[in-house]
Structure formats: structure tokens, C-alpha cells
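Student: Could we go through the pockets and the ligand site of this model, one question at a time?

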Amino acid sequence: MIMSNNNENHAHTTLPSVARFVWMDRAYMPLSSATVPITAHSLHYGTAVFEGIRFYETDKGPAVFRLQDHIYRLFASANAMSMRLEHDEDELTRVVCELIRRNNLADGYVRMIAYYGDGISLTRDDLQTHIAIFLLPWPSKKMKPIRLQISKFRKSDPRTIIHRAKVAGHYVNSYLAASSFDQSRYDGALMLDCDGWVAETTVANIFSVKDSILFTPKPGSILPGITRDTVLKLAQSMSIQCIESNVSMDHLKHSDEVFITGTASEVIPVKGIDEADIGEGAVGHITSQLSNAFNESVRGRNSEFLSWLTRA
Ligand code: PMP
């Protein structure tokens, strides 16, 4: 969850306030007017689907990173939940850009959420879908290496939920892990899947590097993140070999480098997991290369990947 006041979001200790103008049910309005009834189905049953998206200052003004892919995932998540969205992708793209302009922001985070309104019985045919979009100012920071603790909470079994969908209710699993690690010694929780393989942190995917090869858990018990995909594509363009497979804890602890990726987290090096130190302690070579390539791409300085940006 991004509204955490501990280090679990890896990026901020406290979040800046929501920007003044928001969009809800096809209208722009001040934040204070955008409210949800206590009878909302998604409040009771966690049935909302959502996206977190970043925009960055570039030489040509603010640009949203991989907006089409995030909107596509929102529709895919809604589809997985049999939720019908009555908006089209172009409309949501226009709204995000307009909100950035209206709020006069250069660097920030977009939260887009689709949810059911009134509905106290679990299933009903006439549930109404709503969409709201709001922004948070979110300046980029250089991320310090973090230490992760393996959580006592496992990732939900993929036979019980649909991990590739970004559904509000799934985050109870992450919330429990994020609320129960030892905050005096660690910066976040790492979750294993139900078979004991490495899955992901509560809000980010994980990568390791061993003998110059990149490894990351294959989809199944993870949200296959858009930042994960960005890193895979960057690695390919830099001729770094990458293997998506089951990753064991033993492999991870004996890796040369480990880092996590996410829209909010970006690319953050991991310097330790439980009692184990990773690599030499300093930020690894491949982690720095990928992190630099990521930072260049989001700011429109990587000519190969300019199509990832939507100018606001
Ligand atoms: N896993 C989980 C559980 C997440 O919440 C996130 C953040 N959306 C990620 C991975 C990373 O996904 P993305 O790179 O698309 O932000």
C-alpha cells in the first residue's frame, strides 16, 4: 500500500498530500468533493482495481511513463474481476495529462482506481463502476540500499486469487507482511510463495545477479510489474542475459547483487536479506547500469525508448 508511514514503500517516510484537482465520474473537482459512500461494494469486499503511475520532468516538460501499459493493465485487472469499465483508454490518457497540467506538477504519482459503488450483497448484476484519478507530487530521490526481512506471511496461493490483476483486496496480503517485519533492523518484507520460492516484496518485484546473469521470479505468484518489464527490456538492449524462473532463497542470498523494482520504488539495491549480506556491500555494477538506464528512460534521455513516454 502506498499510504504507509514506515519504510515499507522504500521511497518515502511520509507522503506528500494529494494534489488539489482530481477527476471522478467524468468530472474534474477539488479533492474534498470526491467522496465514496459507506455502502460502496469495493470498500466492503476489496473489489476495486487500481494503478500507480509515475510522471517525470523531462526537457520537453512532464511526461508520463508507460501510461498506455498501465491503462492496459487496469482494463486487464477489471476484466479478471468481470468488472466492466465504461471509459475508453484515450479518455483516461487525456484525463491524466489534463490533471498534470491543472495541478501544475512536473514530477509525480498518478493513482487511478476503478471501483463499485452501492452494493452490500456480494454479487449483484447491477453494480455500478466508477473511476477516480488523483495525483501526488512525488520528486525522485536517490534510493539508498535496503535490507529485507523474509516475511512470515506467504504470498497468497495463485489458486486463490489472480496475481496478475492489481486488485485492492489482494493488498491485505501485502499489508500483513508490511505491518509485521522488524522495522528496527529492516526496510521491508520479502515474501515467499506457498511452495517456498521467492515471490516479491509487498510493493515491488525482485531481481538478482549471479555471474553477470539476471534472474527474476517467473509470473505465477507475483504481480508482473511494468517496472520489471522495463528492466527486462533494458537488460535485453544492453545484452545482459536474463532468466525468469523459480528463484530459491539460497540462490538469492548467495547472489552477487539483488535489487527491487516498482513504480513507486523505481530501482532500489538490496544490501541484505535476513542475516545475510548481499555481494560486497556496495551497489553492484549491473544494478547501477540498469538503474541509470531506467533513470535516463523515464526522463526521455534514452532515444531507444522514447515511445514509453506520453507528454502531458
Ligand atoms: N508487486 C506488487 C505486489 C506491487 O504492488 C507492485 C507495485 N505496483 C509491483 C510488484 C511492481 O509493479 P509495477 O512495476 O507495475 O509498479
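**Pockets and ligand**

Tutor: In this predicted model, α7 gives the most to the lining of the second largest pocket, six residues. Helices are DSSP runs of H or I, at least four residues, and strands are runs of E, at least two, numbered from the N terminus. Local features need pLDDT of at least 70 and side-chain atom pairs 80 or more, while totals for chains, interfaces and linings use all residues. Residues are numbered from 1 along each chain as its sequence is written, and side-chain values use heavy atoms, without hydrogens and water.

Student: Which elements give two or more residues to the lining of the second largest pocket?

Tutor: A pocket is an open set of points on a 1 Å grid over the protein atoms alone, where a 1.4 Å probe fits, with protein on both sides within 12 Å along at least five of seven lines; lining residues have an atom within 4 Å of a point. Of its 17 lining residues, those closest to the centre include Lys142 and Ser291. The elements asked for are β14 (266-273) and α7 (285-298).

Student: Which side chain has a polar atom 2.6 Å from an oxygen atom of the ligand?

Tutor: A polar contact is a pair of N or O atoms within 3.5 Å. Arg73 places a side-chain N or O atom 2.9 Å from a ligand oxygen, and Ile226 has a polar backbone atom at 2.7 Å from one. The side chain at 2.6 Å belongs to Thr227.

Definitions and conventions
A polar contact is a pair of N or O atoms within 3.5 Å; within protein, one must be able to donate a hydrogen and the other to accept it, and residues adjacent in sequence count only if both atoms are side-chain atoms.
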